Amino acid sequence: MIKKIKLTLAASLMLVRMSGICGIVYDKKSNTIKISDCPSDMPCTPAGLYSLDQTQDWGKVAYDEKTDTYTVSCNLQIGDNDGTETFFQVGSTDNPKETLVMRGNIYLAPFWVKGENTGLYYRVPVLHNRLTLGVEGNKEITPALKFSPVSVKNKTGIYSGTKIGVDGKNKSGVGGELFTFNATVGSAGYKYYRNTLGMVKLVNTTFSGSINELVYGLANFKRNSVIDGCTFKDSRYGAGVNATLTLRNCVFENLSVCAVSDPGGINAKLINCVFKNNQQNFRLQITAKGVTLVDCEVAPGKVPDTITSRKFRGTMRFPKLVSTRHIVVKVVDSTGKPVAGAEVSAIPEQKSAEAAPAKAKTDSNGLTPGNDAKKTLLLAEYCKQAVEGSDTPKETTFSYKVTVSKAGKTAVISGVKADKSWQQIEVTLK
């Protein structure tokens, strides 16, 4: 009881401070709590919503002290495209395991909507309407966002770049942000996360239980988005990327339809990612570009990848999947001693725009640069590219001629394949 009284008092004090800054209303017509004008230094929180709910007698926000869980039984809209910025925070040093359960949708409002705003979206100032789970750099704070479907047919989820208009209908535009740090998102049967040209920063977060793409239509507005160390699992789909974007250190696991799909403009680089136990790993059908893997471990899906051509907006598209891996070359002399300063080159033995020559120089240990170093040897392993009129992509596996030289001496090894990341290849310079 004492803990609850302290929490209520703290939330009440926060509410007093917020009341002079934020605009928080309950819209009965759309069954939505709408929050606007909550700055980053005074974000709205579940505790603040709960206190306001108690004051206004909405009956929409409940709190379970034992589990530090807030349940919102309506929609929640963060921001309102009204010229202000709005921040909502879940998880803090005082509430490290805070949980928000939604029995409604979360709307991350855009900062630009066609017909509501003048000018072009990429020329106006970016305003932030952001949901943040956790605190960047603090692994002790591990909040959760869960969705509890209202019914079997009425699933709930996150809509970024979307607000509810005065007519009660969804209005989409540009903006809306989701930041997660050391968090958990999802529960069985929630909808997808739809991002419309907004920004995400997803770090060390587990996404699970989605019936559609967890990050459907994910775009990368102004190239500022980050996805690092996340796990996408136990869902139908993983990521549906519609942008130039890099994903690092992610795991795609137990996805019953597809891990990475193409809504139309995917141009993604996946670095040190793992794919395991998925129905299908990649589905590329629309993009003119595709996916590049760097040092990824991909267990075969239960069905082959889909990489097919099609006409999109009047132009034939030929998506491709390219796997690349780093290798290390060790150069020794005839006595087995390391050779420093040797020039190393790797020249592809097949002609392809996807397989480029690479060069490096050995260090005092006779090794070309290794992990986390610059000027490493990064080689294409294979390329799968769509072919017009065929459901089977053209697959090319690359091999290389590795040449080592120093002080007039040269050694050559042919047929080198980059089929294992950071494998060490030894060359003797005689």
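## Reading burial, salt bridges and a pocket

Author: In this predicted model, Ile141 sits in the loop that runs between strand 9 (129-133) and strand 10 (144-147).

Reader: What share of the contacts in the protein, counted at a separation of 6 or more, is made by residues 24 or more positions apart?

Author: Such residues account for 58% of those contacts. The protein has 430 residues, of which 50% are buried, and its secondary structure comprises two helices and 38 strands.

Reader: How should I read the salt bridges, and how many does a search of the whole structure find?

Author: In general, side chains of opposite charge can pair when their charged atoms come close. The search of the whole structure finds ten salt bridges. In one of them, the side chains of Lys201 and Glu136 meet at 2.8 Å, N to O. Lys201 belongs to strand 17 (residues 199-203) and Glu136 to the loop between strand 9 and strand 10, so this pair ties together parts that are 65 residues apart in sequence. Lys201 counts as partly exposed, at 21% relative accessibility.

Reader: Which residue forms a salt bridge with Lys320?

Author: Glu354 does, with the closest N and O atoms 2.6 Å apart. This pair also links distant parts of the chain, since Glu354 is in the loop between strand 32 (343-348) and strand 33 (358-361) and Lys320 is in strand 31 (residues 320-332), 34 residues apart. Glu354 counts as partly exposed at 23% relative accessibility, and Lys320 counts as partly exposed at 23%. A further salt bridge joins the side chains of Lys361 and Glu343 (3.3 Å, N to O); Lys361 lies in strand 33 and Glu343 in strand 32, 18 residues apart. Elsewhere, salt bridges that share partners join Asp80, Glu116, Lys163 and Lys171 into one network.

Reader: How is a pocket found, and which residues lie closest to the centre of the second largest pocket?

Author: Rolling a probe the size of a water molecule over the atoms shows where empty space is left. The second largest pocket holds about 230 Å³ of space. It is lined by 16 residues, and those closest to its centre are Asn281, Pro300, Asp305, Tyr382 and Lys384. By class, the lining has ten nonpolar, three polar and three charged residues.

Reader: Where is Lys384, and what is the nearest side chain of opposite charge?

Author: Lys384 is in strand 34 (residues 377-385). Lys384 is buried yet has no salt bridge, and the nearest side chain of opposite charge, that of Asp305, is 4.1 Å away, whereas a salt bridge requires the nitrogen to be within 4 Å of the carboxyl oxygen. Leaving aside neighbours within four places in sequence, Lys384 is in contact with several residues, including Asp305, Ile307, Lys320 and Glu395.

Technical notes. Residues are numbered from 1 along each chain as its sequence is written. This is a predicted model: local features need pLDDT of at least 70, side-chain atom pairs count only at pLDDT 80 or more; totals for chains, interfaces and linings use all residues. Side-chain values use heavy atoms; hydrogens and water are left out. On a 1 Å grid over the protein atoms alone, a cavity is a set of points where a 1.4 Å probe fits but cannot get out, and a pocket is an open set with protein on both sides within 12 Å along at least five of seven lines; lining residues have an atom within 4 Å of a point. Grid points are joined across faces, edges and corners, and a volume is the space filled by probe spheres set on the points. Ala, Val, Leu, Ile, Met, Phe, Trp, Tyr, Cys and Pro count as nonpolar, Asp, Glu, Lys and Arg as charged, and the others, Gly among them, as polar. Helices (H or I, at least four residues) and strands (E, at least two) are DSSP runs, numbered from the N terminus. Buried means under 20% relative accessible area, exposed over 50%, partly exposed in between (1.4 Å probe, protein chains only). Lys and Arg count as positive and Asp and Glu as negative; His and the chain ends are not counted. Contact means heavy atoms within 4.5 Å.
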